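Take a look at the chain below. This report is for a reader meeting it for the first time.

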Amino acid sequence: MSLYRDEGVVLRTQKLGEADRIVTILAKRTGKIRAVAKGVRRTTSRFGARLEPFTHVDVQLHTGRTLDVVTQAETIRPYGEALAADYPRYTAGSAMLETADRLTHGEKEPALRQFLLLVGGLRTLADRGHEARLVLDAYFLRSLAVAGYAPALDACAKCQAPAVRAFAIVAGGVVCGACRPAGSAVPAGETIGLMTALLRGDWATADASESRHRSECSGLVAAYLQWHLEHGIRSLRHVEREPA
C-alpha cells in the first residue's frame, strides 16, 4: 500500500454503492485526484462532512488499482459554510469548481497555479470584499490565462495593431477594423478596460465600474470561456439569472 498526503479543494462528489462516495479533488502538488471515500454517507462517518464540495481539506490517501482511497481528512477551511447562505456567491463558487474541473484534464498532473487561483477565488468570494460576479469573471480570465487562453485586450489579436474596434472570440480577443470577422461583438471601451482590470487584479478599477459594463463584460467572458472549453458550464445558467 502506497500512502501519500496532499491538500486540495473538493470539486465534486458522486454516490458509490450504499455508503461510499467518489470524491474529485484538485490538489496542490498532485493535481486532480479521483478517490473513494468509504462510508462517508453514514451518519457515523468520521470525515463525511469534510469531503463536501468547496472544502479546502488536508487528505491522506493510499493508491488503489483504479481509484485511490481516502484514509484521513482534516478541514483547512470550509468555504461552503460561508457561501451557502448567499445565493449569488454560492452559484459563482459552483461555476468556479466546475471550471477548475474542466480546465484540469488529466488526473495526477500537477496544476499548482490552477489550485492557487481556485483557493484565492473561493477565499475572495467568502470574504465578501467584492461583488460576486466580478470575482467570478476575474477567476475565469485568470484561469484561462494559466491554461494558455488569455484574451488579447491591448492590441489586435491578429495583427497587433493598437487601434481596436471589436471583440472576436474566434480570433482570441480584441481586433482592429481590418481583421474584424463577421459576428464580432462591439463592446464599450470601458468593458474592455474592466476585463483588463480583472485579468490584472486591479480591484480599484473593477469595483468602480458601472453595472452595464459589468454585465457586458460577464457576457463576453462567459462566451469566451465556454468556446475554449468546447462545452457549456452548467452552473452559469444559475449565475446569469442574477441581476447585474
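The sections below cover the model, its strands, its helices and its charged pairs.

## About the model

This is a predicted model: local features need pLDDT of at least 70, side-chain atom pairs count only at pLDDT 80 or more, and totals for chains, interfaces and linings use all residues. Residues are numbered from 1 along each chain as its sequence is written, and side-chain values use heavy atoms, with hydrogens and water left out.

Strands here are DSSP runs of E with at least two residues, and helices are DSSP runs of H or I with at least four, numbered from the N terminus. Two strands pair if DSSP finds at least two bridges between them.

Strand 1 and strand 2 run antiparallel, joined by 8 bridges. Valine 9 faces leucine 26 of strand 2 there. The hairpin of these two strands has 3 residues between them, and its glycine 17 takes a positive phi near 65°. Strand 1 also runs antiparallel to strand 4, with 7 bridges joining the two. Here aspartate 6 stands opposite valine 59 of strand 4. Strand 3 (residues 31-37) pairs with strand 5 in the parallel sense, over 2 bridges. Valine 36 has valine 69 in strand 5 as its bridge partner.

## Helices on the sheet

## Salt bridges

How many salt bridges does the model hold? The count comes to 15, taking a salt bridge as a side-chain nitrogen of Lys or Arg within 4 Å of a carboxyl oxygen of Asp or Glu. Among them is the pair of lysine 108 and aspartate 68, whose closest N and O atoms are 2.5 Å apart. Lysine 108 sits in the loop between helix 2 (87-103) and helix 3 (112-127), and aspartate 68 sits in strand 5 (residues 68-78), so the pair ties together parts that are 40 residues apart in sequence. Lysine 108 is partly exposed, at 37% relative accessibility. Aspartate 68 is buried, at 4%. Buried means under 20% relative accessible area, exposed over 50%, and partly exposed in between (1.4 Å probe, protein chains only).

Glutamate 98 and arginine 102 form another salt bridge, with closest N and O atoms 3.2 Å apart. Both lie in helix 2, 4 residues apart, about one turn of the helix. Glutamate 98 is buried at 11% relative accessibility. Arginine 102 is partly exposed at 24%. Arginine 89 bridges to aspartate 86, with closest N and O atoms 3.6 Å apart. Is arginine 89 buried or exposed? Arginine 89 is buried, with a relative accessible area of 9%. Aspartate 86 is buried as well, at 17%. Finally, Arg12, Lys32 and Asp101 are linked in a network of salt bridges.
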